[in-house]
Every structure is written in structure tokens, then in C-alpha cells.
Amino acid sequence: MNIMKNISYITLLLLLLSSCKYLGLPSGDKVVAKVGNHYLYEEDVRELIPPGTPRQDSIRMLKQYVNSWALKYLLLSRAESELPKEERDVEEELEEYKNSLIAYRYEKLYINLRLDTLVTREQAREYYQKDSSRNSLDNYVVKARVVKISTGSPNLERIRSLYRSQALEDIDELERLCYNSADKYSDYDNKYTDLNIVARDLPLDSFECETLLDRRNYIETKDNVYTYLAFFPEIFRDGDLPPFEYYYPRIKEIIISRRKRELIKEMEHDLITKGIENNKVKTYINEHSQDENQI
């Protein structure tokens, strides 16, 4: 819908805000725009444009805001004129939404006041061991270190001799050499990582990496400029049980989510119980009736 063509619906005064040196609106409830019986006042847009904004930018920003504001009421007017009466009656839906929103906010407050968010490693490991059969991987998870270095670097061969070593002194030397001569070096904080994340640092996709890692625990490849050296001291393949350290953050989320559900069940049970005890809830169910139509 072209707002500027709807002159019969909207009057735009397109003035500038007094907070900018280019804005000349006088004080008071000055009208900036009008759609039917709806008005947009100067005070509503006074903070819209930062001080010092060039004149043309100020006008453009103000026009965009006014058009967006006007469209809301033009759309509402069109809907009210063309929708059937039953489609325009939203009182019941609004009441239901209001009730749901209030209940949700109370549930959130109830949980925040009572939720234990501490998950010990012992609790997480117990969950991991009990549910391990359901936690098999559908992707590759690895520990890795990747070097991206210019193929012409004088340190390339030394780095190639070190990047697959597990000895701490070799790793220290590797990191020093990479710091000085590699375009990129990463060990992913020595944490378990999805292979597709590592693949982003190589000129290969995840499937190509998986194929290579099914034969060995390292990848060497190159493009027109760089040589890429990737070593994978640990590899967990599709279908394997993920390592505990990899799964630990997810386990914490699952345990906390379960605690939230338990708190909600506890709250609901308490409300029903006390509601019945205090005669706030009354039911008229005849449990002994033989007539299926008699409640």
C-alpha cells in the first residue's frame, strides 16, 4: 500500500524535531501526522532523531517513522471495513490472551523464586550414565587443532613435523611457531567440537572431512595460497556415545528444564488441593451414577 497516495486518510505535516538544530517545531502538542481520528504528536517523535543528524537524513528518518505509524491505522481501518462482524469480535480472544499472559508471568515468578539452577558434575554424570542409550551422536564430534599457513612459509616443514605430536613441549613449540608465522591456529579451547565447525576452517566440507577421518586422524590439504594441517586426537563418529564433557552443558539444561516442570506440577497440585479445601473449587460429578448421561 502506498501511504503517500492515501491523502484522504492521512495528513502529514513532516516537521523536524526541536532537539536537532534543523528541527523547527514549536513547543506544545504540535501534530506531526494524522490518520482519521488518530494523531501523532511532536512529543511522540521528539527523541527519534539524534542531535546533529543532517537535515536530509532527519527528514528521511521522520518520513519512515510516520509512514510506519500511519500504515498501522490504515490497515486497521481497512480491516474494520472489510472483515465480517464475527471476525472483528476479538474480546474473547483478548481476554484469553490476557489471562494466559498473567498466568505465564506468575509461573515465571514462581519458578524464579524456587528453582535450583546448580547442577553438580555428579548429578550430570548420573543422568549421562542412565540415559546414555538414547544419546548417540548423529554427527562427528572431535578434539582438533588446525593450522592455516602460507605454502611458502619457511616454518611450514617444522610445523608439519609438530602438529600431530601429543608431547607438551612439541605443542608449546607448535603454538609459538604458529603465533609468529601461521595465518590461523586453533585448538578450539581443547574442547570437544562438532566437526562441521572445524570444517569451516578448512577448504573442505563436513562430508569430505568425515571421509578422510574414517581412514586416519589427520587432514593435510591446500589451496592456491595456503596449506592446511588438521590433527584430531579424539574422534567420535556418527552413532557413537558422545563424550561426557561434550554432553555436559546439554545435560545441565535438561536437568534444569525437568526441575522447572516439577515446580509447575507442584504449584498446580497445590492450587487444586487448597482450592478444594477452601471451597473455591466445587465439582458436581456423580461418581456413583450408572447413567452415562448423568454427570
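Author: Let us begin with the cysteines. In this predicted model, a search of the whole structure finds 0 disulfides.

Reader: What makes a pair of cysteines count as a disulfide?

Author: The sulfur atoms of the two cysteines must lie within 2.5 Å.

Reader: Why is Cys 178 called buried?

Author: Cys 178 has a relative accessible area of 4%. Buried means under 20%, so Cys 178 is buried.

Reader: Why is Cys 209 called buried?

Author: The relative accessible area of Cys 209 is 0%. This value is under 20%, and therefore Cys 209 is buried.

Reader: What share of the residues of the protein counts as buried?

Author: Of its 295 residues, 31% count as buried.

Reader: Why does Tyr 106 count as partly exposed?

Author: Tyr 106 has 41% relative accessibility. Partly exposed lies between the 20% limit for buried and the 50% limit for exposed, so Tyr 106 is partly exposed. Tyr 106 is found in helix α4, which covers residues 91-114.

Reader: How many helices and strands does the protein have?

Author: The secondary structure comes to 10 helices and 8 strands.

Conventions
Residues are numbered from 1 along each chain as its sequence is written. This is a predicted model: local features need pLDDT of at least 70, side-chain atom pairs count only at pLDDT 80 or more; totals for chains, interfaces and linings use all residues. Side-chain values use heavy atoms; hydrogens and water are left out. Helices (H or I, at least four residues) and strands (E, at least two) are DSSP runs, numbered from the N terminus. Buried means under 20% relative accessible area, exposed over 50%, partly exposed in between (1.4 Å probe, protein chains only).
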